[in-house]
Amino acid sequence: MKDHAAVKAALRAMRIETPSWAYGNSGTRFKVYAQAGVPRDAYEKVADAAMVHRLTGAAPSVALHIPWDRVDDYADLARFAVDQGIRLGAINPNVFQEDDYKLGSVCHPDATVRRKAVDHLLECVDIMDATGSKVLSLWFADGTNYAGQDSIAARQDRLADALREVYDRLGPDQRMLVEYKLFEPHFYTMDLPDWGTSYAHCVALGDKAQVLVDTGHHAPGTNIEFLVTVLHRFGKLGGFHFNSRNYADDDLMVGAADPFQLFRIAHELVRADAIRPDSGVEYMLDQCHNLEAKVPALIRSVLNVQEAVAKALLVDADALAAAQQAGDVLAAHAVLMDAFSTDVRPLLAELRTELGIDPDPIAAYHAGGYQQQIEATRTGGRQAGWGA
Ligand code: LRH
Ligand code: MN
């Protein structure tokens, strides 16, 4: 069993990236509820992300989404982030919100629309050059709603061509993560519906292309820790969009709906020694806080990931291996359940004290008055949101 010092060392090194869009207003097709204090621009989103890092010590970067975070000077935004104590992370292009993209973006039947989409992806690589970001995080809403609507095969060819062009534009230390999603906004085919399709395209592209696993993008009952283990085994696990769900792509706080699933995923990652910052696996959140206050929700989410990983780090690997080798099913399962049933909050509080931060980040947030400050100062202007 890992001693507490080793567990704390691993947690101290872990990095969780928060998503700029989670600080903005979000909702469902029924309603987007505006909240007081919500950022009006990328700078205010970065400031909120910096607050999450100051209180958790574990979220030193924020992912951007373009054009939601479009600014005149990306290098200046990157400098602002550093001044705030964090850095800009993955760059997410958006080819799903313009009328031209109704029938798809890079998979659209019309070459002119495909050109427009690829040009936006290439623009996002330029933005990576300006911000120093190493990750291009690709998700395509592309798909169809009815059988026969378009050629599944032709759309795959168009997708491959677009990915190839962007891949060849990447700099030597840049890479692209290819996200998949089973359904929504399309309901017959999604051109990247599952890990197998993303994996196949990434293998065809090369080493700088890997699969992004959004935990909300699978069919109910999918064993995510299984596919994570296989992707990592083949060197194609590029990263995560962590969130949780009860039904579909609910984008709820990670660990809120199914903390045991998050623990099982963390167990496989710890076993694969894939928690380290230089493991090549990006740990990012992708959530929408439709009802709850956004900054404390992201603080809670970082804590949920830390708790799941801390429990996984406490798994008695030797006892587990011995029970598995002996075919002792109950004993093997018990080793995992012992770790999962361990209250790791005192250990995490100890780690935060050693880091010089408040052992209870949520209490510290409410005591610090940041929520009142942003609600008082961020008046006027246009609140950030998906703007769908
Ligand atoms: C699609 C998705 C994708 C993002 C968006 C905000 O559902 O998970 O990662 O671009 O959410
Ligand atoms: Mn996602």
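1. Arginine 378 is buried, its relative accessible area being 9% (buried is under 20%, exposed over 50% and partly exposed in between, with a 1.4 Å probe and protein chains only). This arginine belongs to the segment that follows helix α14 (370-377), where helices (H or I, at least four residues) and strands (E, at least two) are DSSP runs numbered from the N terminus. The model is predicted, with pLDDT of at least 70 required for local features and 80 or more for side-chain atom pairs, while totals for chains, interfaces and linings use all residues. Residues are numbered from 1 along each chain as its sequence is written, chains are lettered from A and ligands numbered from 1 in the order written, and side-chain values use heavy atoms without hydrogens or water.

2. Which backbone oxygens does the side chain of arginine 378 reach? A polar atom of this side chain lies 2.9 Å from the backbone oxygen of glycine 37, and the side chain also reaches the backbone oxygen of glutamate 44 at 3.3 Å. Polar contacts are N or O pairs within 3.5 Å; within protein, one atom must be able to donate a hydrogen and the other to accept it, and residues adjacent in sequence count only if both atoms are side-chain atoms. With neighbours within four places in sequence set aside, the contacts of arginine 378 include Val38, Pro39, Arg40, Ala47, Asp48 and Tyr370, contact being heavy atoms within 4.5 Å.

3. Histidine 120, in helix α4 (residues 111-131), is likewise buried, at a relative accessible area of 9%. Its side chain reaches the backbone oxygen of isoleucine 66 at 3.3 Å, and when residues up to four places away in sequence are not counted, histidine 120 touches Ile66, Arg70, Pro93, Asn94 and Val95.

4. The manganese ion (ligand 2) is coordinated at 2.1 to 2.2 Å by Glu179 (OE), Asp214 (OD), His241 (ND1) and Asp286 (OD), where donors are N, O and S atoms within 2.8 Å of the metal (3.2 Å for Na, K and Ca) and sites may look incomplete, water not being among the atoms. Along the sequence, the donor residues follow the spacing E-x34-D-x26-H-x44-D.

5. What geometry does the site of the manganese ion (ligand 2) have? The site is octahedral, with six donor atoms and angles among them of 72 to 170°. Six donors count as octahedral, and four as square planar, if opposite donors are over 155 degrees apart and all others between 65 and 115; four are tetrahedral if all angles lie between 85 and 135 degrees, and anything else is irregular.

6. The residues around ligand 1 include Trp21, Trp139, Lys181, Asp249 and Trp386, and among them are also Glu179, Asp214, His241 and Asp286, each with a heavy atom within 4 Å of the ligand. An oxygen atom of ligand 1 is 2.8 Å from a side-chain N or O atom of histidine 65, while the corresponding distance is 3.2 Å for histidine 217 and 3.2 Å for histidine 241. Of the 300 Å² of accessible area that ligand 1 has on its own, the protein covers 97%, the areas coming from the Shrake-Rupley method with a 1.4 Å probe and, for residues, only the protein chains shown counting as cover.

7. Glutamate 184 and proline 185 are joined by a cis peptide bond with omega of about 5°, and proline 185 lies in the loop between β6 and β7 (189-190). Aspartate 251, a residue other than glycine, has a positive phi near 55°; it is found in the loop between β9 and α8 (259-271) and counts as buried at 7% relative accessibility. Aspartate 273 has a positive phi of about 55° although it is not a glycine, but aspartate 273 is in the loop between α8 and β10 and counts as partly exposed at 43% relative accessibility.

8. Alanine 293, in the loop between β10 (282-285) and α9 (294-313), is partly exposed at a relative accessible area of 30%. Its C-alpha atom is 9.1 Å from that of alanine 36, although the two are 257 residues apart in sequence. Apart from neighbours within four places in sequence, alanine 293 is in contact with Gln35 and Gln371.
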